[in-house]
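Open the model in your viewer and keep the selection panel at hand.

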Amino acid sequence: MTKYEKKNQVKNVFDPIAESYDFLNHLLSFGIDCYWRRKAVKLTGFKKDAKLLDVACGTGDFSIVARNKGKVQDITGLDFSKEMMMQFVKKAPWINGRLVQAVAEQMPFPDNHFTNIIVGFGVRNFYDIPKGLSEFYRVLKKGGKTTILEFRLPKNRFIGLIYRAYFHGILPVIGKIISKNDESYKYLPRSVDEFEHKVDTVKLLKEIGFEKIQVKMLTFGIVQCVIAEK
Ligand SMILES: C[S@@+](CC[C@H](N)C(=O)[O-])C[C@H]1O[C@@H](n2cnc3c(N)ncnc32)[C@H](O)[C@@H]1O
C-alpha cells in the first residue's frame with residue numbers, strides 16, 4: 001500500500017466512527033484505556049508551564065487526562081479528522097487551547113515550539129511513521145519530551161492466544177454492531193499486527209536523535225508507553 005493509500009484508508013476508518021468511538025473504546029478495552037492514559041501522564045510528569053501538543057488527539061481523551069491529572073494548561077490538539085475533533089469540542093469545551101486539522105507528517109508549527117508531545121494510539125496509523133516522528137523532534141524544544149502510547153502484542157504465548165481470539169474474533173463483531181461500520185474494527189487488529197512486526201519505535205526515535213528513552217509495558221504487554229527526550 002502506498003502512503004497516499006494508507007492516508008485515505010485511515011481517514012475512512014475514523015471519520016465514520018467518530019460518534020461511537022469513545023463508547024466503543026471504553027467498552028472494548030473494559031475501561032482500561034483510561035488507566036493507560038493516566039499512567040502515561042504520571043510517568044511523563046509535566047512541568048507547570050508545559051506547552052503541550054496532543055498529536056492524533058481524536059476525541060481528546062489524552063488531552064483531558066493531561067489537563068485534569070497532569071495540570072497542563074496550554075494544550076494544542078492536532079488531528080486530520082475533523083469529525084473526531086468535533087467530539088473533542090463537544091466533550092471538553094472548557095479546555096484552554098486550540099485544535100488544528102493537519103497531518104502529523106507535516107505540522108503547521110515552528111521549530112522548537114512545544115515542551116511536550118503526547119500521542120495516544122495514533123502513531124500506528126500515520127501514513128509515514130518516520131516522517132511523523134521527525135516532525136515531533138522538529139517542533140519540540142530542546143529538553144522537551146514526547147510520550148507515545150501504542151498497542152503491542154503480548155509476549156506470553158497463553159495471553160497472546162486469548163488476546164488474539166478476542167482482538168480478531170470478538171472485537172470486530174461488537175465494533176461492527178455498535179458503530180454500524182464493518183471495516184473500522186477489522187482495521188484495528190490488522191494495524192496492530194502490522195505495527196508490531198514492522199515498527200521498532202525505540203530504534204526509530206534513536207535514529208531521529210531522541211535521547212533518554214524509557215519504555216514501560218502495560219497490561220501484559222498489550223500497550224507500550226515510550227517516553228523520549230530531545
Ligand atoms: C485511535 S485514534 C486515537 C485518538 C486519541 N489519541 C485517543 O487516545 O483516544 C487515532 C487518531 O489518529 C488520527 N490520525 C491518524 N493518522 C493521522 C495522521 N497521519 N495525522 C494526524 N492524525 C492522524 C485519526 O484521525 C484518529 O483520530
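Helix axes here are lines fitted to C-alpha atoms over the stretch in contact, and angles run from 0 to 180 degrees between N-to-C directions. One caution before you start: this is a predicted model.

**Stop 1: the helix pair**

Select residues 18-28, helix α2, and residues 157-179, helix α7. Their axes are 11 Å apart, and the packing angle is about 145 degrees. Look at the handedness: α2 passes α7 in a right-handed crossing.

Now show side chains. On α2, pick S20, F23, L24, L27 and L28. On α7, their partners are Y166, L171, I174, G175, I178 and S179. Color this contact by residue class: 8 are nonpolar, 3 are polar and none is charged.

**Stop 2: the ligand**

Center on the ligand and select its surroundings. The shell holds 21 residues. Y21, A56, D79, E105 and G120 are the closest. By class, the shell has 13 nonpolar, 5 polar and 3 charged residues.

- Y21: a side-chain N or O atom sits 2.8 Å from a ligand oxygen.
- R37: a side-chain N or O atom sits 3.0 Å from a ligand oxygen.
- E105: a polar side-chain atom sits 2.9 Å from a ligand nitrogen.

How much of the ligand's 600 Å² does the protein bury? The protein covers 99% of the area that the ligand exposes when taken alone.

Finally, select α1 (3-14) and α2: these elements give two or more residues to the shell around the ligand.

Terms used:
Residues numbered from 1 in each chain as written. Predicted model: local features only at pLDDT ≥ 70, side-chain atom pairs only at ≥ 80, totals over all residues. Heavy atoms only, no water. Helix = DSSP H or I, 4+ residues; strand = E, 2+ residues; numbered from the N terminus. Left-handed = near helix turned anticlockwise from the far one by under 90°. Contact = heavy atoms within 4.5 Å. Nonpolar A, V, L, I, M, F, W, Y, C, P; charged D, E, K, R; others polar. Near = heavy atom within 4 Å. Polar contact = N/O pair within 3.5 Å; in protein donor to acceptor, adjacent residues only side chain to side chain. Areas by Shrake-Rupley, 256 points an atom, 1.4 Å probe, with all protein chains shown as cover.
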